[in-house]
Amino acid sequence: MREPISLLLFLLLIHGALHPSSVTAGDFTGDYSKLSGIIIPGFASTQLRAWSILDCPYSPLDFNPLDLVWLDTTKLLSAVNCWLKCMLLDPYNQTDHPECKSRPDSGLSAITELDPGYITGPLSSVWKEWIKWCIEFGIEPNAILAVPYDWRLSASKLEERDLYFHQLKITFETALKLRGGPSIVFAHSLGNHVFRYFLEWLKLEIPPKKYIQWLDEHIHAYFAVGAPLLGASETVKGTLFGFTFGLPVSEGTARLMLNSFGSSLWMMPFSHHCRADNLYRKHFSHWSRSSHQTYQCDEQEFRQNYSGWPTNIINIEIPSIPGMDAYPSVSEVAQTNLSNMECGLPTQLSFSAREISDGTLFKAIEGYDPDSKRLLYQLQKLYHGDPVLNPLTPWDRPPLKNIFCIYGINIKTEVGYYFAPSGKPYPDNWIVTDVIYEIEGSLVSRSGNLVEGNPGAASGDETVPYHSLSWCKNWLGPKVNITRAPQSEHDGSDIQVEFNVEHHPDEDIVPNMTRSPRVKYITYYEDSKSIPGRRTAVWELDKANHRNIVRSPVLMRELWLQMWHDIHPDAKSKFVTKGEFLFD
């Protein structure tokens, strides 16, 4: 792939030399060299550094100011208890451990490699290849800006402690003054939720008549990569069992750490049928920021199975209990399950996405799990009670000029779990007895048996289910053009196109196109007509892994082609004509 990428670079640079003046194409007017790129990384994708002096007994390695914490695997292995002190937060007020505090690093180096020189692979090397490609393409050093953040914090705490969203606004405004043009936003995974919160926060910071003007002046395009728009099932698994990120720690230790973070609930699965109040209207009608939002679900939520997801997210076995008082606030569904419990025998409760995001799951197991009380507090305080935005609600298309939603599909992805008591003390008190996966339109158990449910037309990206990734298809209008092309070199004969495909709200768009089993495709869904002056596109990349997608040469090629098309003086179409550039 390296040689074709270099060839593309050569062609673009030659064209830039021949057309150095300002250009007008793809809804961008001005000198293409004035564009900036702003990168918002995902969960656990920013370095954290110590801001304390911590003596670690029984270890030759201590923590000193500016030492790496996330991620220093050498210290993790030699002094895990010390390392945890620098990582853990108070689950209620999100303050640091009394003996150690950590803060996010700054600049591009904070997001390129988390543990340089030690770990290789998806965990450590995040945006390194991306930055390298930018340098190969001749991008100036001040044209690429990283906006790292403390990914342990919820959105409201990011602003309260670090003034993160104030600083992000200043970053956009500085980029415009420095280079003279708007920015292109690249957000990955949780970074998309961070950007969403910023857009809502911004509504309350500038006059309403200037909001759209500010967005148009400062943001040319938004590339949402691997966005868990309706959450991810793996998040719940992490809260009950732990998620190690591939680190040499136990699941119990990972769970203890994760559940101290306010951000642990930010990617909880939720129902797109449940929404909160429109705070933007209330802000200009004598509404106080201290008010609480109303969380309501429409009738479809109670008519559909599984909150629209492929299956119930959690199925958990509860030990026998002496009476019903152990479940003071369980929903009607859970009450129905409990009514069938035989005396002295355990029962299995099932929970949909809605019953997870509204706290029903944690209320049901509160008598058996010490983390439930803390998680319920975080859920109400940091999410349902957030004065700017309840993140556990569906995201309508943001009012930006150009949006490209990009994600991987057709990889085996976890969508549901079965839990049972392990007989061990907290934090190892639950075990996973079975896992439900989605695989290219089917649901299967860990043992390989087919499972009933509502599988989608495709599967997810190994981390985020297809149902969540593909929500951005709802940002497309009623008529959509669809193109499917191979990711690798081709002669154009295998390109399939459908024009003006009807798209209905809350329904998936499934193209009537063929697939060769040995070929990886990109499927493009494009709409430039439903909203005047606005473009929306969805790109589905076969077999693109969630954590690796930002290092995908195929994705990088497509991004550069689209951006070059946007500023090309002779561009006639709103999107790149597929097959125009055929590279390996």
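Buried residues are those with under 20% relative accessible area, exposed ones have over 50%, and partly exposed ones fall in between (1.4 Å probe, protein chains only). The model is a predicted one, in which local features need pLDDT of at least 70 and side-chain atom pairs count only at pLDDT 80 or more, whereas totals for chains, interfaces and linings use all residues. Residues are numbered from 1 along each chain as its sequence is written, and side-chain values use heavy atoms, with hydrogens and water left out.

**View 1. Strand S18 and its two pairing partners, S19 and S20.** Helices (H or I, at least four residues) and strands (E, at least two) are DSSP runs, numbered from the N terminus. Strand S18 covers residues 479–486, and because six of its eight residues are buried, this strand is largely enclosed by the rest of the structure. Two strands pair if DSSP finds at least two bridges between them; S18 is joined to the antiparallel strand S19 (residues 496–502) by five bridges, and isoleucine 482 stands opposite glutamate 498 of S19. With strand S20 (residues 521–527), S18 pairs over six bridges, again in the antiparallel sense, and here asparagine 481 has glutamate 526 as its bridge partner.

**View 2. The loop between S19 and S20, with aspartate 506.** Aspartate 506 lies in this loop and has a phi near 65°, which is a positive value in a residue other than glycine.

**View 3. Tyrosine 306 in the loop between helix H13 (299–303) and strand S12 (314–318).** The phi of tyrosine 306 is near 65°, a positive value in a residue other than glycine. At 23% relative accessibility, tyrosine 306 counts as partly exposed.

**View 4. The crossing of helices H6 and H7.** The axes of H6 (residues 155–162) and H7 (residues 164–179), which are lines fitted to C-alpha atoms over the stretch in contact, with angles running from 0 to 180 degrees between N-to-C directions, come within 6 Å and cross at roughly 80°. The two helices are therefore roughly perpendicular to each other, a term that covers 65 to 115 degrees. Counting heavy atoms within 4.5 Å as contact, Ala155, Leu158, Glu159 and Asp162 in H6 meet Tyr164, Phe165, His166 and Gln167 in H7.

Technical notes
Angles under 35 degrees count as roughly parallel, over 145 as roughly antiparallel, 65 to 115 as roughly perpendicular and the rest as oblique.
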